[in-house]
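Subject: Structure handover

Hello,

Please find the structure we spoke of below. My notes on it come after.

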Amino acid sequence: MLTQQDVGSTIRVTETASNSSGSSTAAVSQKTAVVTSPNSGKKPIFGPLKLSTNSKTVRRGKKATFKISVHNVGNAWARNVRVCASAPKNLVQIPKCVSLGSVAADNFKTASLQITVKKNANKGKRATVTFTASGQGMTSKSARASVKVQ
């Protein structure tokens, strides 16, 4: 019987023939196989991130809220999913990351992040915020949005 620890192992299978008295004769053939998991071929995949915000222009010292929907378009659970944000530090303050936990196959979860425009940010400047979704053993996916300082 093979177990989960055998996944990735190479095994040798030998077929033998027996005569009518039940005693084995020489090996008829030998084959080599690699043990695979029943989940082989299944993997989580991020679809495009969907962004929405309550405001595209923000007054100095005020906040804007972004909602980031992460869609797992794959056929397996996405584990340890996080959404992280980066932006010019001279214009905005932003939390680093939000954890979403696990996302089921063909399902989505939404993260909410608030950014604060700094009081000393120059009016008319644009802050481009990059949101990146990542998960255990997955290729990350990014999307961008901008906020104008008012």
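Predicted model: local features only at pLDDT ≥ 70, side-chain atom pairs only at ≥ 80, totals over all residues.

Disulfide. A search of the whole structure turns up one disulfide. The bond runs between C84 and C97, with an S to S distance of 2.1 Å. The link is right-handed, at 105° about the S-S bond. C84 lies in strand β6 and C97 in strand β8, so the bond connects distant parts of the chain, 13 residues apart. The two cysteines fall into separate accessibility classes: C84 counts as buried because its relative accessibility, 17%, is under 20%, whereas C97, at 32%, counts as partly exposed.

Sheet. Four strands make up an open sheet with antiparallel pairing, ordered β3-β5-β9-β7. β3 (50-53) and β7 (92-93) are the edge strands, each pairing on one side only. Between β7 and β9 (residues 107-117) there are two bridges, in the antiparallel sense. Q93 has T116 of β9 as its bridge partner.

Backbone angles. Most residues other than glycine have a negative phi. N80, in strand β6 (residues 78-86), has a positive phi, near 50°. D106 also has a positive phi, near 55°. D106 sits in the loop between β8 (97-103) and β9. With a relative accessible area of 60%, D106 is exposed, because the value is over 50%.

Regards

Technical notes:
Residues numbered from 1 in each chain as written. Heavy atoms only, no water. Pairing = 2+ DSSP bridges. Buried < 20%, exposed > 50% of the residue type's maximum accessible area, 1.4 Å probe, protein only. Disulfide = S-S within 2.5 Å.
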